[in-house]
Amino acid sequence: MRTARAAGVLLTLAVIALAFAARRGREGGAELEPHPPRPDTPSPPPFAVKLPPPTPVEVEEGLRRAFGDAVHPAAGSPRSLVGDFNGDGAEDVAVPVSPATGRLEELNDGLANWRVQDAREDAAAERGPPPKGERSAVTVQPEDVLLAVVHGYGVRGWRDERARQCYLVRHATGAPFEARPRTQLLRYVRRVPGEPRLTGDVILVSVGGKPGFVYWTGARYSWHPLPSRAHPCPSTSP
Amino acid sequence: MRTLRLSLLGVAVAALVLPAAFSDAPGEAPVGFDNLTNGFTAQADFDSDRSRFEDREEITPKGLGPVYNAQSCAECHQNPVTGAISQVTEVRAGHFDGVNFVDHPGGSLINDRAIDASIQERVLGGNEVRTFRTSLNTLGDGFVEAVDSNTLVAISNGQPAGMRGQFIQVPVNEAGNQVRGGRFGWKNQHASLVSFSADAYLNEMGITSPLQPNENTSNGRSIAAFDPVPDPEDPATPAAANGEDVEGFARFMRATKAPPRDTALAATPDAQAGSQLFNQVGCNICHVGNITTAPPGTVINRGAFTVPAALGNKVIHPFGDFLLHDVGTGDGIVQNGGQSTRNKLRTAPLWGVRTRGRLMHDGETLNRNEAILRHAGEATGVINNYRNLTTTQKNQLITFLNSL
């Protein structure tokens, strides 16, 4: 009987001691060397695969996926251009578009699935004094011809069903409307005052009679002027 | 009979003691924009350290510059209380040679101020990679430092393939540069608050310390002739081996409360619906809502710091994973993580985001919807889910964000 009693007491004490020992172990340890994490997410595939030129049907499909029926290719405007405009390795498409009739409210909705930008707004702000007050939201006007850009995703680029990041850019559709690889422009822009940061391919566009190019700043599409007597690059596709 | 009674007594004692022993239910980390300590230090010490964090440094005697960005920590970390955020950005630049990022001469950080006009730094031609970086919140960083590196690895391992955050290990300067899981800065370039403080003291204010004893240059040119104070300008003392200021800054950040929610807005049906949509859409895969810090007594920072009771076993709600991701906004800059991190950034912790008007790493985005739509790359699937929401649902999700 006595032995049983003692065993019971000892057992209880042992359980309590173990519990506290376990707790102390958790409290006083050193941070362990992290286990090797699983392999990192691979970078997006490089823009190595030469994709076929876009067909009008593909372009309209790409626009519809991004903008629904709120825009359509602008009548009498140049063809679409492809290139890696945002420099992420996936092919993007740029198309001059017009707002669809009666869709302005949707196009200018603050919660729309696209962003409306003005290619000249920030370039002007960068060159001149800072604008007074808050920056006003850019809105689409009925007569606008806008540059619609759909950013690509993965090896299929802008044709991929997941490619829905898109922009409507004002003041970005003038002649000659040609795409140029970043590498070509990079050599040239080093001689340009206020050298813009080029992250991707560019689109040569004249605005207000001045030659220049539209490029991705990392946050928006912006237009930058070129000296009128210089033409930086021969006409080749990017 | 007696044995039975004793046994029952033993069981009763165990029943009382064991839950206490095993009760490891973590507590909520204290929150508040109230200038009060989280308990890591006494309030008087916290006030003293806060004052140090707010001190405006001068050329003499402290050694401001010769090149610098601000005169006090609080110039960039102040809104709405000392230690939080601000609209202030800094400039980083360099060159991409087609394979690797190459630092701008003198380093990728281009200081915006100098104590003499002749040594003003500027971005030199040929450094086409440029970015702004917004000032980060430091409130609650003591809890972030107290998160076990393995917790961050576990978060990464739990993320879907294609969205898995990159965990990097970076030097802990006060532990002889042994490495630990990075978690501070836009590139996760620091793992400890002492290392972060010494880095910021040098690179933002131009003040050297035992952990960062060498002055910066101006675009790579020595500016020693302009520096009247011998290095290290924040010297070691018997009480502070890493410099009194550096250790005081770290102690201040460790003692701050985490950013609080707007509880009134958070209680509204819209914000609650938005919270569910945030998870349903998948934002919470990277903007992780709950992380528990390591238990008190855990030795971290490679032996340089032990997690105290005030910081240990606490649940924080950072809405971030402290991992690096490529969401299409990468700035092209490499710091401590190697070339694979060139276009990756740390998930922005969203706690306190309601105090920000300029969003994303560069502050270039001015509203919530545009910030969401700016995500691409690894976040493409999640953002396409967001695109499929109705206008009402998008508004609810944004209301939720505005409650953080």
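What follows is a set of questions and answers on helix packing, sheets and local geometry in a predicted model.

This is a predicted model, where local features need pLDDT of at least 70, side-chain atom pairs count only at pLDDT 80 or more, and totals for chains, interfaces and linings use all residues. Residues are numbered from 1 along each chain as its sequence is written, chains are lettered from A and ligands numbered from 1 in the order in which they are written, and side-chain values use heavy atoms, with hydrogens and water left out.

Trainee: How do α6(B) and α7(B) count by their angle, and why?
Mentor: Helices (H or I, at least four residues) and strands (E, at least two) are DSSP runs, numbered from the N terminus. Axes are lines fitted to C-alpha atoms, for helices over the stretch in contact, and angles run from 0 to 180 degrees between N-to-C directions. In chain B, α6 (residues 193-205) and α7 (residues 244-254) pack at about 125 degrees, with axes 8 Å apart. That angle makes α6(B) oblique to α7(B) (under 35 degrees is roughly parallel, over 145 roughly antiparallel, 65 to 115 roughly perpendicular, and the rest oblique).

Trainee: Is the crossing of α6(B) and α7(B) left-handed or right-handed?
Mentor: A crossing is left-handed if the near helix is turned anticlockwise from the far one by less than a right angle, and right-handed if clockwise. For α6(B) and α7(B) the crossing is right-handed.

Trainee: How do the residues of the contact of α6(B) with α7(B) divide?
Mentor: Contact means heavy atoms within 4.5 Å. From α6(B) come residues including B:L193, B:F196 and B:Y201, and from α7(B) residues including B:V246, B:F249 and B:R254. Ala, Val, Leu, Ile, Met, Phe, Trp, Tyr, Cys and Pro count as nonpolar, Asp, Glu, Lys and Arg as charged, and the others, Gly among them, as polar. The division is nine nonpolar, one polar and two charged.

Trainee: In which sense does α2(B) cross α7(B)?
Mentor: These helices pack at about 120 degrees, with axes 9 Å apart. α2(B) and α7(B) are therefore oblique to each other. The crossing is left-handed.

Trainee: How many charged residues are in the contact of α2(B) with α7(B)?
Mentor: α2(B) brings B:F46, B:D49, B:R50, B:R52 and B:F53, while α7(B) brings residues including B:E244, B:D245 and B:R251. Five are nonpolar and one is polar; the charged ones number six.

Trainee: How does α9(B) stand to α12(B)?
Mentor: α9 (residues 269-281) and α12 (residues 391-402) of chain B pack at about 100 degrees, with axes 7 Å apart. Among the residues that meet are B:L277 and B:F278 in α9(B) and B:L397 and B:F400 in α12(B). By class, this contact has eight nonpolar, five polar and one charged residues. The angle makes the two helices roughly perpendicular.

Trainee: Which strands stand at the edges of the four-stranded sheet in chain A, and why?
Mentor: The open sheet runs β7-β8-β9-β10, with antiparallel pairing. Strands pair if DSSP finds at least two bridges between them. Two strands have a single partner each, so one side of each is left without a neighbour in the sheet: β7 (176-180) and β10 (221-225).

Trainee: Which residue stands opposite A:Y215?
Mentor: Strand β9 (residues 212-216) and β10 of chain A pair in the antiparallel sense over five bridges. In β10(A), the residue opposite A:Y215 is A:S222.

Trainee: At what angle does α5 of chain A run to β7(A)?
Mentor: Helix α5 (residues 182-189) lies across β7, β8 and β9 of chain A. To β7(A), α5 runs at about 100 degrees.

Trainee: Are the rings of A:Y167 and A:Y221 stacked or edge-to-face?
Mentor: Rings of Phe, Tyr and Trp (its six-membered ring) pair if their centres lie within 6.5 Å; planes under 30 degrees apart count as stacked, over 60 as edge-to-face and the rest as tilted. The search finds 14 aromatic pairs over all chains. Here the centres are 5.7 Å apart and the planes at 75 degrees, so the pair is edge-to-face.

Trainee: What is the bridge partner of B:G27?
Mentor: In chain B, three strands form an open sheet in the order β1-β13-β10, with mixed pairing. β1(B) and β13 (residues 314-316) pair in the parallel sense over two bridges. In β13(B), the partner of B:G27 is B:K314.

Trainee: Which residue does a cis peptide bond join to A:A175?
Mentor: Omega of this bond is about 0 degrees.
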